[in-house]
2 protein chains.
Amino acid sequence: MNKNTSSSGDMSKADFRRYGYEMVDWIADYFERLEDFPVLSANAPNDLKKVLPESAPLEGESFDDIFADVEKLILPAVTHWNHPNFHGLFSTSTSAAGIFGEMLSATFDMKAMLWRTAPASTELEDVVLSWLRQMMNLPAHFEGIIYDTASVSTMHAIAAAREKLDLQIRENGMSGRTDLPLLRVYCSEQVHSSIDKAVITLGLGQKSLRKIETDAEFRMIPEKLAEAISEDRQNGYLPFCVVATVGTTSTTSIDPVEAIADICERENLWLHVDAAYAGSAAIVPELRNCLKGCERADSIVTNPHKWLFTPFDLSILYCKDLEMLKKAFSLVPEYLKTNEATAKNGMDYGIQLGRRFRSLKLWFVMRYFGQEGLIERIREHCRLTKLLASWIEKSDNWELLAPVNFALVCFRACPENVGDLNAFNEDLMNSINASGEAYISHTKLNGKFTLRLSIGSIRVEEKHIENVWNLLNKNLTI
Amino acid sequence: MNKNTSSSGDMSKADFRRYGYEMVDWIADYFERLEDFPVLSANAPNDLKKVLPESAPLEGESFDDIFADVEKLILPAVTHWNHPNFHGLFSTSTSAAGIFGEMLSATFDMKAMLWRTAPASTELEDVVLSWLRQMMNLPAHFEGIIYDTASVSTMHAIAAAREKLDLQIRENGMSGRTDLPLLRVYCSEQVHSSIDKAVITLGLGQKSLRKIETDAEFRMIPEKLAEAISEDRQNGYLPFCVVATVGTTSTTSIDPVEAIADICERENLWLHVDAAYAGSAAIVPELRNCLKGCERADSIVTNPHKWLFTPFDLSILYCKDLEMLKKAFSLVPEYLKTNEATAKNGMDYGIQLGRRFRSLKLWFVMRYFGQEGLIERIREHCRLTKLLASWIEKSDNWELLAPVNFALVCFRACPENVGDLNAFNEDLMNSINASGEAYISHTKLNGKFTLRLSIGSIRVEEKHIENVWNLLNKNLTI
């Protein structure tokens with residue numbers, strides 16, 4: 001019988017140390033050889049599937065064999081998010097401190113539904129959320145809760161707004177009722193798709209989401225918002241929530257939160273701010289202004305897993321009144337009743353019952369880098385981004401297509417004598433991505449195929465930006 | 001300037017190895033001294049908060065200091081889910097292979113929204129889900145998707161059922177419509193609270209959830225289900241989904257899925273099976289029967305993080321028609337369009353866009369233990385549970401309060417001359433939990449305060465069950 005196939009017990013202590021050390025060495029080497037890999041996996045779809053067995057092994061295997069397959073089979077199928085020339089989507093990165101945090105969370109394996117089942121997770125969550133709130137210069141009335149993703153955070157925010165309507169939707173639902181008007185949520189045309197998914201999930205429907213026109217800099221036009229609300233009220237609809245974005249996905253544009261907050265206060269609407277990406281930038285003193293007006297929001301989402309060197313997943317929802325979330329979701333069956341009367345139980349604030357010990361990795365990251373270390377890294381990303389933007393501006397072959405607010409450049413090639421610039425830029429992007437040397441992604445702005453180049457890796461240096469700039473120009477002339 | 005406070009870069013390779021080794025050693029030691037700790041943390045609420053600084057440090061700190069605080073501050077605030085005498089809720093446990101999987105996932109830090117951004121995650125997910133499906137003896141038409149928790153899996157299942165109604169709820173929502181009757185979901189009185197939370201979230205409301213009476217063994221009574229559906233149709237309601245449970249949370253009772261499937265087929269209702277806990281048991285040949293009828297379900301949720309030695313979180317939703325989930329949730333904005341036309345993109349199947357590389361840890365676990373190793377462990381847990389149940393049955397001081405189907409015993413003390421058995425058993429539970437030697441939880445069955453003792457730790461041996469049995473009896477006589 002294979003040694004792993006006993007009736008109980010886990011790996012021996014000696015093996016755990018042996019393979020644990022090997023794993024640590026492998027990871028250390030991985031980070032060193034990161035730039036030897038193509039950024040996007042060079043695999044074609046199903047390449048990995050084809051080489052894996054149809055069924056699980058009957059007998060346990062040696063970890064040596066498993067580990068060898070990581071190198072041989074898994075690694076070629078990895079897209080290297082940590083690569084300094086990963087510029088697609090939003091460039092994010094993990095960090096050693098974050099990895100250690102995940103190791104330890106997986107070890108304790110606590111499920112933080114109740115204070116009792118995970119006191120460390122429950123309390124450290126409050127502590128690191130208070131630390132980050134202070135760093136972002138948000139007022140003390142914001143209390144937070146950690147979820148997995150911004151999609152889930154935003155869904156909970158809109159659910160809390162729905163609950164605040166006091167229309168017994170939690171109890172009676174929305175179907176089969178003649179007393180409910182169409183409920184309306186507002187956001188800009190530039191909003192992230194997670195807002196659409198939230199209203200779909202919540203049963204509000206896509207029709208409930210009214211998208212407001214944006215200005216030349218892709219920011220919601222407050223006057224248009226006010227008009228839409230007024231028009232909707234005249235039509236008998238019920239406006240109840242506005243989602244403003246600080247740092248939209250396409251361009252990192254910043255909605256005018258102050259003007260939107262004025263409208264929300266006047267109209268008594270829940271103001272949710274999606275700062276999933278850009279929230280982290282607010283820890284940098286000279287960027288702090290980006291959250292102006294957000295102190296008046298009802299809820300704000302920010303994702304340390306995006307730009308705070310914390311491994312995925314960790315999304316934070318800050319709420320002015322966390323009790324509203326509890327009102328929307330708390331439901332305590334007999335088997336979860338405990339006698340710690342005053343303790344906060346994480347399960348009360350959302351759909352998920354079990355919750356990972358996510359605060360640990362963020363605590364490690366905040367302590368290891370310190371506020372200054374985090375600020376310096378984000379500041380440097382923004383400096384590199386401005387540098388690249390300046391090169392683009394100076395060149396006749398390239399043009400910026402949106403203002404540079406944080407660490408994303410939206411631009412395109414515009415060489416003379418090219419007829420279809422959209423096709424030209426799409427080809428250019430594909431050829432850069434196929435080279436393996438960098439990964440950039442795209443969006444469409446005013447019908448223009450737009451290249452998006454995001455800078456966010458903890459490993460990125462000026463030379464990497466020079467590399468991608470040279471690569472772009474090389475592909476221009478081919 | 002502190003060495004961690006530079007403008008870029010992560011921990012040095014030498015430090016990563018040094019602290020990584022220390023982390024591995026610490027974890028190895030932790031598992032060795034596990035039984036020296038109280039199972040439930042002995043902290044009182046706020047004990048941890050009180051000793052942590054108000055704000056994040058300005059300068060980065062040495063990992064030595066951070067690590068020292070894990071031992072000194074975090075550890076006392078940990079509830080030890082891995083302790084072999086953790087018998088509360090459902091006893092779950094992590095494993096070395098699972099921890100290594102999490103280390104590596106946190107290192108790659110891929111977000112598996114698109115095939116392109118995480119080919120390894122996307123394809124390995126399909127592979128391990130096929131492996132587990134075969135082990136559970138489910139038919140090949142079930143295709144799966146990984147979410148974080150069963151709560152989220154079930155919410156997605158009910159959302160797919162809602163979409164299948166073809167009532168344009170995705171597009172038009174449910175508010176402000178006069179053409180929608182009250183939608184109805186059915187489950188037993190013994191259902192998990194996550195079903196309630198799912199209907200609340202989806203905007204169906206608690207009123208939409210009709211709870212069907214159970215029999216003496218806490219199983220849904222199919223005749224009562226049929227009556228309820230018929231009555232609801234007469235009242236103009238619209239039944240669309242039934243949630244059956246294999247392994248309920250209170251007692252691990254098993255709803256009669258075959259009879260329920262008959263009704264669902266006749267009435268054209270979506271059948272979702274909650275096998276979050278007990279699904280893993282189906283890999284054991286002699287327990288396989290517990291899923292009888294589930295081959296006819298539209299969706300089944302099972303959680304490897306519960307009873308398959310995989311660190312939290314990893315919940316699987318198997319669907320007969322995964323396309324229905326895609327129909328309910330897929331929404332591809334311009335910035336996420338890619339040209340891998342035939343590839344599966346995980347983001348299409350749910351609310352979450354980014355998705356962790358969760359399949360890796362399950363792959364490690366399945367390979368390291370093999371099918372036989374996993375089967376043996378679950379079989380042993382069931383053997384120990386039957387053993388404990390036999391001691392309870394033989395004793396005049398104790399009585400079983402529910403059938404033992406898997407690895408949970410529902411029972412209570414019933415010594416002579418005790419007036420209020422409920423208060424007596426609650427005190428007994430509290431005193432055992434306060435002792436630190438074991439953790440048991442409770443439920444209420446037919447008004448009786450019922451002790452729940454779950455056996456599921458990878459480290460549990462017969463001596464631990466003897467320990468807790470002695471402890472129970474010791475507390476009986478005090």
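This is a predicted model: local features need pLDDT of at least 70, side-chain atom pairs count only at pLDDT 80 or more; totals for chains, interfaces and linings use all residues.
How are chains A and B related? Turn chain A by 180 degrees, with a shift of 0.0 Å along the axis, and chain A lands on chain B with an RMSD of 0.0 Å. That's what a two-fold axis does. If you want to find the axis on screen, go to L202(A), whose C-alpha is 2.2 Å away and which comes closest of the residues in chain A. The interface fits that picture: 100% of the interface residues of chain A are interface residues in chain B as well, so the copies meet through the same surface.

Now one chain by itself. Chain A has 15 helices and eleven strands. Its C-alpha trace spans about 75 × 70 × 45 Å along the principal axes. For 478 residues you'd expect a compact globule to have a radius of gyration near 23 Å, and chain A comes out at 24 Å, which agrees. Buried residues account for 60% of the chain. And if you take the contacts between residues at least 6 apart in sequence, 73% of them join residues at least 24 apart.

Chain A splits into two domains, domain 1 at 13–80 and domain 2 at 96–478. Their C-alpha centres are 32 Å apart. Where they touch, four residues come from domain 1 of chain A and four residues from domain 2 of chain A.

So what about the inside? The largest nonpolar core has 328 residues, and the ones touching the most other members are I158(A), V242(A) and L271(A), along with I158(B), V242(B) and L271(B). Helix α13 of chain A, residues 359–394, gives the largest share, 15 residues. Both domains of chain A take part, with at least three residues from each. Let's zoom in on L271(A). Leaving out residues up to four places away in sequence, L271(A) touches V242(A), A244(A), I260(A), A261(A), C264(A), R296(A), A297(A) and D298(A). There's also a second, separate core of six residues, which includes I169(A), I169(B), M174(B) and L180(B).

Next, a bit of sheet I like, around strand β6 of chain A, residues 299–302. Are its faces covered or open? Both are covered. S299(A) and V301(A) are buried on one side, and I300(A) and T302(A) are buried on the other. Strand β5 of chain A, residues 270–274, runs parallel to β6(A), with three bridges joining the two. One pair to click on there is D274(A) with V301(A). Then β7 of chain A, residues 315–319, pairs with β6(A) in the antiparallel sense, over four bridges. In that pairing I300(A) stands opposite Y318(A).

Most residues other than glycine have a negative phi, and most peptide bonds are trans. Which peptide bond in chain A is cis? The one from F312(A) to D313(A), with omega near 5 degrees. D313(A) sits in the loop between α11 (304–307) and β7. Chain B has a cis bond too, joining F312(B) and D313(B), with omega about 5 degrees.

Then there are two positive phi values in chain B. N46(B) has phi near 80 degrees and sits in the loop between α1 (13–33) and α2 (47–51). With 15 other C-beta atoms within 10 Å, N46(B) is partly exposed. And here's N446(B) again: phi is near 50 degrees, and the residue is in the loop between β10 (441–445) and β11 (448–454).

For contrast, look at N425(B) in helix α14, residues 421–435. Is N425(B) buried or exposed? Buried, with 20 other C-beta atoms within 10 Å. Setting aside residues up to four places away in sequence, N425(B) touches R412(B), A413(B), F449(B) and L451(B). Its C-alpha is 9.3 Å from that of H442(B), 17 residues away along the chain.

That's the tour, thanks.

Definitions and conventions
Residues are numbered from 1 along each chain as its sequence is written. Chains are lettered from A and ligands numbered from 1 in the order in which they are written. Copies are superposed by least squares on the C-alpha atoms of residues with pLDDT of at least 70 in both. Two residues are in contact if their C-beta atoms, placed from the backbone, lie within 7 Å. A residue is buried if 20 or more other C-beta atoms lie within 10 Å of its own, exposed if 12 or fewer, and partly exposed in between; C-beta atoms are placed from the backbone. Two strands pair if DSSP finds at least two bridges between them. A nonpolar core is a set of buried Ala, Val, Leu, Ile, Met, Phe, Trp, Tyr and Cys residues joined through C-beta atoms within 7 Å. Domain bounds come from an automatic or database domain assignment. The radius of gyration is taken over C-alpha atoms; the globule rule is 2.2 Å times the number of residues to the power 0.38.
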